[in-house]
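Trainee: I have a model open and a list of labels for it. I want to know what backs each label. Can we go through them?

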Amino acid sequence: MRRLLPVADRADTVRLAWSLLRRRRLPLAAAAAGFALAGLLGLAAPWVLGDLVDVIRDGGDLTDAARAAAVVAGAAVLGGAASGLAIIGLGHAAVPALARLREDVVARALELDPEHVEEAGAGDLLARVNDDVRSVTQSLDEALPVTTWTFTSSRAPVMPTGAPISSCSSTTKS
């Protein structure tokens, strides 16, 4: 029977990831703030369009529509910039952490008993290292942006239709 290499449990993995990222708190915090700002700015369009419907219904003119378009365009540009800066911050936090992870894995692999590595199979160590680093990379690339966006968008007072909650009522204006 082939003996496999040890596998870390979820708690060990989370502890390791935090210990690697803890050294880069400022870029990680900047990335979280950038993703939060981008998420909030992404909500500007539905909010402004919902208000624009009310303004037009109440007799608004082309100037109101142009102002709304400018606000949406400005929010889109700022949201894109915030996303870009957040990705840069995430890169500054994640790339050194992943490099350190690779170094630690190689050091740990060199400490293993060669007979144990051979018994596990020639490709087991390499496959595990590649899979683990890819999993951590994917988690860092997706977890922070998705978590931050979900948090910010779930806290905003916007209805799914795009209209602000304050503009929704049980009675309609005529």
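Mentor: Start with a definition. A helix axis is a line fitted to C-alpha atoms over the stretch in contact, and angles run from 0 to 180 degrees between N-to-C directions. Keep in mind that this is a predicted model.

Trainee: Why is helix 3 called roughly antiparallel to helix 4?

Mentor: Helix 3 and helix 4 pack at an angle of about 175 degrees. Angles over 145 count as roughly antiparallel. Therefore helix 3 is roughly antiparallel to helix 4. Their axes are 9 Å apart.

Trainee: Which residues of helix 3 and helix 4 make the contact?

Mentor: From helix 3, Ala44, Ala45, Val48, Leu52 and Val55. From helix 4, Asp64, Ala65, Ala68, Val71, Val72 and Ala75.

Trainee: Which residues of helix 3 are buried?

Mentor: Ala44, Val48, Gly50, Leu52 and Asp54. The buried residues of helix 3 pack against helix 2 and helix 4, the latter running over 62–111.

Trainee: How do you know that the span of helix 3 is close to the expected one?

Mentor: Helix 3 covers residues 44–57, 14 residues in total. At 1.5 Å a residue, 20 Å is expected. Its first and last C-alpha atoms span 20 Å. Just after helix 3, Gly59 takes a positive phi of about 100 degrees.

Trainee: What are the reach and the expected value for helix 2?

Mentor: Helix 2, residues 25–42, reaches 25 Å, close to the 26 Å expected for its 18 residues. Its buried residues include Leu28, Ala31, Phe35 and Leu41.

Trainee: And what are they for helix 1?

Mentor: Helix 1, residues 10–22, has 13 residues and reaches 18 Å, close to the 18 Å expected. Ser19, Leu20 and Leu21 are its buried residues.

Trainee: Why is Arg128 called buried?

Mentor: Its relative accessible area is 19%. The cut-off for buried is under 20%. So Arg128 counts as buried. Arg128 lies in helix 6. The C-alpha atoms of Arg128 and Val7 are separated by 9.2 Å, though the two residues are 121 apart along the chain.

Trainee: What is the pattern of the whole chain?

Mentor: The pattern is α-α-α-α-α-α. The count is 6 helices and 0 strands. Of the 174 residues, 28% count as buried. Among contacts between residues at least 6 apart in sequence, 86% join residues at least 24 apart.

Trainee: Where is confidence lowest, and where is it highest?

Mentor: Lowest in helix 6, residues 122–155, at a mean pLDDT of 69. Highest in helix 2, at 90. Over residues 156–174 the pLDDT is below 50, and beyond near neighbours in sequence this stretch has 23 contacts in the model. The chain averages 77, and 78% of the residues score at least 70.

Trainee: Why be careful where pLDDT is low?

Mentor: Because predicted coordinates should not be read in detail there.

Note on methods
Residues numbered from 1 in each chain as written. Predicted model: local features only at pLDDT ≥ 70, side-chain atom pairs only at ≥ 80, totals over all residues. Heavy atoms only, no water. Helix = DSSP H or I, 4+ residues; strand = E, 2+ residues; numbered from the N terminus. Expected span 1.5 Å × (residues − 1). Buried < 20%, exposed > 50% of the residue type's maximum accessible area, 1.4 Å probe, protein only. Contact = heavy atoms within 4.5 Å. pLDDT = per-residue confidence, 0-100. Parallel < 35°, antiparallel > 145°, perpendicular 65-115°, else oblique.
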